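Dear colleague,

I am handing over the structure below, and I would be grateful if you could look through it before reading my notes, which follow directly after it.

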Amino acid sequence: MIRVEKLSYGFPAKELYEEVSFELEQGQHCALIGSNGTGKSTLVDMIIDPEKYLYDGKIIKDETCRIGYASQFSVRDKAQDRTVFEYLSQRFRENDQAIAEACDAMATAEDMDAAFEKYQALLDLHEAMDGDHYENNIRKQLYVAGMTDLETVPLAQISGGEYKLLQIMREMLLAPNLLVLDEPDVFLDFGNLNSLCQLINHYKGTLLVVTHNRYLLNHCFDKILHLENGDIQEFDGTYTEYRCSILKQKLELKAQNVAEQEEIERTEALVEIMRHRATIKINPAIGKIVNAKQTQLDRLIARQIKAPFLEVPEPRIALPVIEPVESEEPQPVLTISDYNVVFDKSLLENVNFQLFRGEKVAIVGANGTGKTTLIRDILKNDHPSVRIEEGVKYACLSQLQGEDLDEDRTVYQVMQDADFGSYEDIEYYLEDYCRKGDTLKEKVGQLSGGEQNLLQLAMIGGTDAELLILDEPTSHLDLYAQTALEKAITEYKGTVLMVSHDFYLAANCADYVLLVENNTVRRMKTKNFRKMVYEKYFDQNYLEIDRKKQELEANITAAFKRTDLAAVEKYCDQLEEISRS
């Protein structure tokens with residue numbers, strides 16, 4: 001259906017792809033994964049509109065192939081007074097109107113062939129979209145997403161997450177030959193994420209989805225494209241099967257590498273012995289043996305496989321290093337008293353809570369409940385209901401990255417403005433965040449969403465902030481960076497307040513959760529939060545299995561580091577067994 005052959009493309013500062021090839025077949029649901037900045041969004045844009053790019057290789061698709069696209073950015077429709085049903089049916093009604101106009105035009109057309117060709121093309125599109133049944137199909141989609149009650153609701157009254165789902169739904173209803181979704185899960189709350197999962201699994205067409213979401217990856221795809229280091233790994237199967245395959249292949253190559261190292265060490269020892277003998281006794285035969293063994297050693301070193309296999313560059317996120325303050329009494333850092341948010345309607349009422357030094361707290365709630373407004377008021381620290389204790393140093397990561405980063409300046413310039421030292425100092429510092437060399441000359445606006453988040457985290461790490469306010473910190477981050485951030489938050493000695501829809505971040509890092517519901521905020525133990533999510537949104541068995549998978553993968557990583565390959569094999573077998581259950 002779509003075939004890419006030996007595609008090469010890049011920028012002056014970075015080569016993105018080098019002779020990559022893959023194929024998408026009819027009906028496949030394919031996830032495109034990879035580290036931040038590897039060019040996933042650029043790749044899907046090249047597939048959609050290859051004429052915009054100068055590249056080597058081939059992108060092969062039928063001339064009549066229709067490609068649908070839903071961006072990672074949700075932009076509100078200007079006609080806010082339209083209902084959800086009217087929004088979803090708009091393109092069908094426009095096409096029906098165009099068919100009627102084309103039919104009328106044929107009656108007076110001078111070029112009948114051209115007029116008939118246009119009319120037939122519109123009829124073909126009507127048939128491809130199943131236009132005769134669009135009203136019924138819309139109601140089916142709303143039912144699948146659990147959004148039936150929104151059919152007659154004006155667009156102005158729905159949340160941002162619901163609107164994003166409607167954008168995806170609208171593209172699905174048009175039944176393109178290929179539907180591309182670029183990070184469709186970003187900023188979705190648990191309920192909307194579950195609805196997205198249902199929409200993807202009920203969709204009969206071909207999907208190419210850029211995502212870092214662990215829940216979607218484990219539930220929605222039968223093909224994986226892994227873009228890394230300029231190359232693509234193509235795998236037919238689920239994400240879990242892919243992970244198992246990679247780990248087993250890594251084990252095989254690590255075992256081969258260990259055997260090679262042992263052979264090299266034996267040969268090196270033998271060469272030293274022979275050389276020592278040659279210095280004691282002049283014997284041409286011994287000299288020839290030494291030379292032969294040295295040649296054998298050189299060949300072994302030259303052909304050895306780099307270990308471990310597929311060593312993906314993983315960021316090492318370091319949050320500010322601060323000294324914990326010892327005190328018998330809990331010390332408040334942030335106090336919220338009788339806080340309210342009112343726009344067209346009341347979002348938050350009578351919100352009261354305190355954050356104490358050293359606590360890590362997640363604010364969790366549905367889209368559109370006022371969480372981001374609360375965070376902004378905390379950052380301004382000039383609201384009568386908000387008090388950050390005097391002398392407390394704080395830093396922020398914003399989901400609206402353009403507010404905090406000048407997109408027209410280079411990475412180096414932004415870091416230099418923040419007093420991170422010389423070019424060499426900045427280059428050395430950012431190596432931990434997978435940026436090096438000429439990539440420092442890229443403009444901030446050229447970075448992917450994940451790279452901009454990592455840049456914000458890198459800048460926070462250079463401060464002495466005692467309070468971190470993080471608004472959707474894992475949005476756009478790849479799987480490796482998500483794990484690195486969880487580790488950094490766990491090790492951080494200061495205080496963290498984070499707004500997040502990422503279940504894993506909240507469940508793994510928060511001491512407790514502030515749940516936004518019924519227009520207020522209530523405190524909830526992390527254990528109870530997990531239970532609520534199990535019962536309300538996700539399958540409890542899945543989350544328990546996923547927890548075991550994470551533990552096994554951590555054990556595998558540790559076993560690889562100590563070169564305990566027997567333990568790696570045992571854990572890999574357990575992971576494969578769990579994945580089949």
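What percentage of the 581 residues of the protein chain count as buried? The figure is 49%, where buried means under 20% relative accessible area, exposed means over 50% and partly exposed lies in between, with a 1.4 Å probe and protein chains only.

Please keep in mind that this is a predicted model, in which local features need pLDDT of at least 70 and side-chain atom pairs count only at pLDDT 80 or more, while totals for chains, interfaces and linings use all residues. Residues are numbered from 1 along each chain as its sequence is written, and side-chain values use heavy atoms, with hydrogens and water left out.

On the chain as a whole, the C-alpha trace spans about 105 × 80 × 50 Å along its principal axes, and the chain has 18 helices and 18 strands (DSSP runs numbered from the N terminus, with H or I over at least four residues for helices and E over at least two for strands). The accessible surface comes to about 29,000 Å², of which 47% belongs to carbon and sulfur atoms, as computed by the Shrake-Rupley method with a 1.4 Å probe. Of the contacts with a separation of 6 or more, 71% are between residues 24 or more positions apart, a contact being heavy atoms within 4.5 Å.

Helix H2 (residues 84-106) packs against helix H4 (residues 134-144) at an angle of about 150°, and their axes are 10 Å apart; the axes are lines fitted to C-alpha atoms over the stretch in contact, and the angles run from 0 to 180 degrees between N-to-C directions. H2 and H4 are therefore roughly antiparallel to each other, a term used for angles over 145 degrees. On the H2 side the meeting residues are Val-84, Phe-85, Leu-88, Ser-89, Phe-92, Arg-93 and Asp-96, and on the H4 side Tyr-134, Glu-135, Ile-138, Arg-139 and Leu-142. These residues divide into 7 nonpolar, 1 polar and 4 charged, with Ala, Val, Leu, Ile, Met, Phe, Trp, Tyr, Cys and Pro counted as nonpolar, Asp, Glu, Lys and Arg as charged, and the others, Gly among them, as polar.

Finally, two backbone details may be of interest. Lys-6, in strand S1 (residues 2-10), has a positive phi of about 45° although it is not a glycine, and Lys-6 is exposed, with a relative accessible area of 55%. Glu-19, in strand S2 (residues 15-24), likewise is not a glycine and has a positive phi of about 55°; Glu-19 counts as exposed at 52% relative accessibility.

With kind regards

Terms used. Angles under 35 degrees count as roughly parallel, over 145 as roughly antiparallel, 65 to 115 as roughly perpendicular and the rest as oblique.
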